[in-house]
Structures are given as structure tokens and as C-alpha cells.
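Welcome to my notebook. I went through this model step by step and jotted down what I looked up.

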Amino acid sequence: RCIERNCGRGDAVIPVHLRLFFWTCGSNCDHVCQHIITDQRVARDPPMLSPIVQYHGKWPFLRIMGVQEPCSVLFSLFNLLAHRRGMSQIKERIPADYPLKRYYMWFGYVGMASWVSSMIFHTRDFNITEKLDYFAAGASVLYGLYYTPIRIFRLDKRKPPVKATLLRMWTLTCVLMYVAHVSYLTIWSWDYTYNMAANVIVGVVQNILWSFFSVKRYQKLKKPWAAWPGMIVAWIILAMSLELLDFAPVRGLLDAHSLWHLGTVGPTIWWYNFLIKDAQQEIAGERLRA
């Protein structure tokens, strides 16, 4: 009815700040109607057991200046800034000739790209922005798996020669896995369950690798920072559990998904600190052996 009354004649006026984010008369009517219905359900007497429901598979968030999910956008920005800060520290505190530095810098580039994509998607949920967010997030998770064995097993080393071969094979494997992942979602089926399962499996594998590495590293060095990977993994797992709650947004703004984004800011900052400590320890050890 809203669309029929307001959009049928083509003379509806949409504020500039909404048009900048590609809100149309139809999509604006949809958003407004969601909140009218939600307000009616919340105000009902006797109260309903679940007054706030999802529309089109999403909660009815309060819109701020045309931004569809403000808290998720803000917390994605925090993650972006955490990566930017970490990359700046790596540039300053790790020598240019340290072989793993380029892998750590690419970790930052891929991470920043994924959080930019997240900000775009949560600003306006379109088919193309959703795909951008999912593909960038998948690349970020898979890159995490890619550089994990390179660091743990030092596949970047030139000796023995077999390591160079293993590195090339591992790089090709990861590239093919990503191409297959994107191709399946694009050509075969846009499957949310598969996408979630794929990311969880890849994340679990790298978490297990880093946890074992953390234990071995701590036993060898007896330094608190050597145990950081295991502690960061535990933090990430707790933050991920927020996704299982999926409660209606508090004050129309703060939901479980946005809190998951907020929960990854601290581990990101902490992780860069570990990478720097780990690199400095290895560099100092090589100098002593020399």
C-alpha cells in the first residue's frame, strides 16, 4: 500500500542523504513499513512473546543517515583501522629483508579489503554488495590458512630445496580452492550453509595449527608472548559464539552479528603484536647464531 500510494505516480521525494546510498521510493517504503509493524507489535497489549521479527531474513535496524546497519559498519571500520595500525607497526619494527614480512603485509591488505567490503555491505544490502562481502571474507579466512603453515613450517626458507617446491604447491592449492569456492557460489548455488561451513572449517584448521604452535613455542622459549596465539584463538572462538545467539537488535542497533565484528578488533591488534614479537625473536636468534 505504501508503494501504491507514494511511488505509483513517480513524484515521491526521497531525501538526498538517502538517495546517495541508493534508497528508492520502494525500498524506503519497505524500510518504513517494517518499523511501523515492529512498533505496533512491541506496543501490543498483552505483549507478544517475540514482538520483533525478521523481514527478508534480516532484523529491522534503525537507519542512520541512510546507513542500513550502523553498528556493523562502525565495528567493521574499527577492524579496518586495527589492520592499518598493525601494518604500520610491521613496516616500522620488522626489517625489510625478513622473509615473512611480505606475507604479514598481505595479511593486512587482504584483511583491510574484507572489512571495506563488510562496511559496504552493511551500509546497503544489495545482491552485489553481499557477494562482495562474502567473497572478501572468504579470501581473508583462506589467506589466514595460507600463511599459517608458511610460518609454522617455515616454507619460505630456501633450504632444503623441497620447501620451495612445497610452497609453490601450497600456493597453487590455495588459489584453486578459492577459485573453486567462488565458482561454486557464483555458478552452481548461492548456498549460505555451504559458505558458512567452508569458512568455519578453514578457520578451525588454522586455529588448531596455531594452538599447537603456541604450545610448542611456549615450551621452548618460556616467554608469555609465545602463548598468545592460543589465547587469541580462544578469544576468537568466544566472539564467534555470538553469531549463534542471533537476538533482535538492542535499541534497533546492536545485534549479535555487530558484536561479533566488535569482538574481532582486540584479537586483531593482539595478533599483530604477536607477529612482531615472533619476528624479532627469530631475528635476534639468528644474530646470536651468527
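Is Y184 buried, partly exposed or exposed? I found Y184 partly exposed, because its relative accessible area is 27%, and the class runs between buried (under 20%) and exposed (over 50%), with a 1.4 Å probe and protein chains only.

**Ground rules**

I noted that this is a predicted model, in which local features need pLDDT of at least 70, side-chain atom pairs count only at pLDDT 80 or more, and totals for chains, interfaces and linings use all residues. Residues are numbered from 1 along each chain as its sequence is written, and side-chain values use heavy atoms, leaving out hydrogens and water.

**Entry 1: the overall picture**

I looked up the elements and found twelve helices and zero strands. Helices here are DSSP runs of H or I with at least four residues, strands are runs of E with at least two, and numbering starts from the N terminus. I then took the box filled by the C-alpha atoms, which is roughly 80 × 40 × 35 Å along the principal axes. Of the 290 residues, 41% are buried. The accessible surface comes to about 16700 Å², and 67% of that belongs to carbon and sulfur atoms; the areas come from the Shrake-Rupley method with a 1.4 Å probe, and for residues only the protein chains shown count as cover. I also checked contacts, meaning heavy atoms within 4.5 Å. Among contacts with a separation of 6 or more, 67% are between residues 24 or more positions apart.

**Entry 2: aromatic pairs**

How many aromatic pairs does a search of the whole structure find? I got 21. Rings of Phe, Tyr and Trp (its six-membered ring) pair if their centres lie within 6.5 Å; planes under 30 degrees apart count as stacked, over 60 as edge-to-face, and the rest as tilted.

I picked F107 and Y272 to look at: the ring centres are 5.5 Å apart and the planes stand at 50°, so this pair is tilted. F107 sits in helix α5 (residues 101-123) and Y272 in helix α12 (residues 265-289), so the pair ties together parts 165 residues apart in sequence. F107 is buried at 15% relative accessible area, and Y272 counts as buried at 0%.

Next I went back to Y184, which forms an edge-to-face pair with Y194, at 4.6 Å centre to centre and 65° between the planes. Y184 belongs to helix α7 (residues 162-188) and Y194 to helix α8 (residues 192-221), so this pair ties together parts ten residues apart in sequence. Y194 is partly exposed, with 28% relative accessible area.

I also followed a cluster linked by ring pairs; F107 and Y272 are in it, and other members include Y103, Y147, W210 and F274.

**Entry 3: charges over rings**

I looked for a charge over a ring, which asks for NZ of Lys or CZ of Arg within 6 Å of the ring centre and within 35 degrees of the ring normal. The charged end of R63 sits over the ring of W23, 4.5 Å from the centre. K131 lies over the face of W190, also with 4.5 Å to the ring centre.

**Entry 4: salt bridges**

I counted six salt bridges, each a side-chain nitrogen of Lys or Arg within 4 Å of a carboxyl oxygen of Asp or Glu.

Which residue does R217 meet in a salt bridge? The partner is D278, at 3.1 Å from N to O. R217 lies in helix α8 and D278 in helix α12, so the pair ties together parts 61 residues apart in sequence. R217 counts as buried at 12% relative accessibility, and D278 is buried at 0%.

Salt bridges that share partners also join K58, E69 and D125 into one network. In the bridge between K58 and D125, the closest N and O atoms are 3.6 Å apart. D125 is partly exposed at 24%.

I noted one more bridge, D156 with R154, whose closest N and O atoms are 2.6 Å apart. D156 counts as buried at 14%, and R154 at 8%.

**Entry 5: a loop residue**

Where is F22 placed? I found F22 in the loop between α2 (16-19) and α3 (25-43). F22 is exposed, with a relative accessible area of 60%. Leaving aside neighbours within four places in sequence, F22 is in contact with S27, R124 and F126. Lastly, I checked F22 against Q281: they are 259 residues apart in sequence and 51 Å apart in space, C-alpha to C-alpha.
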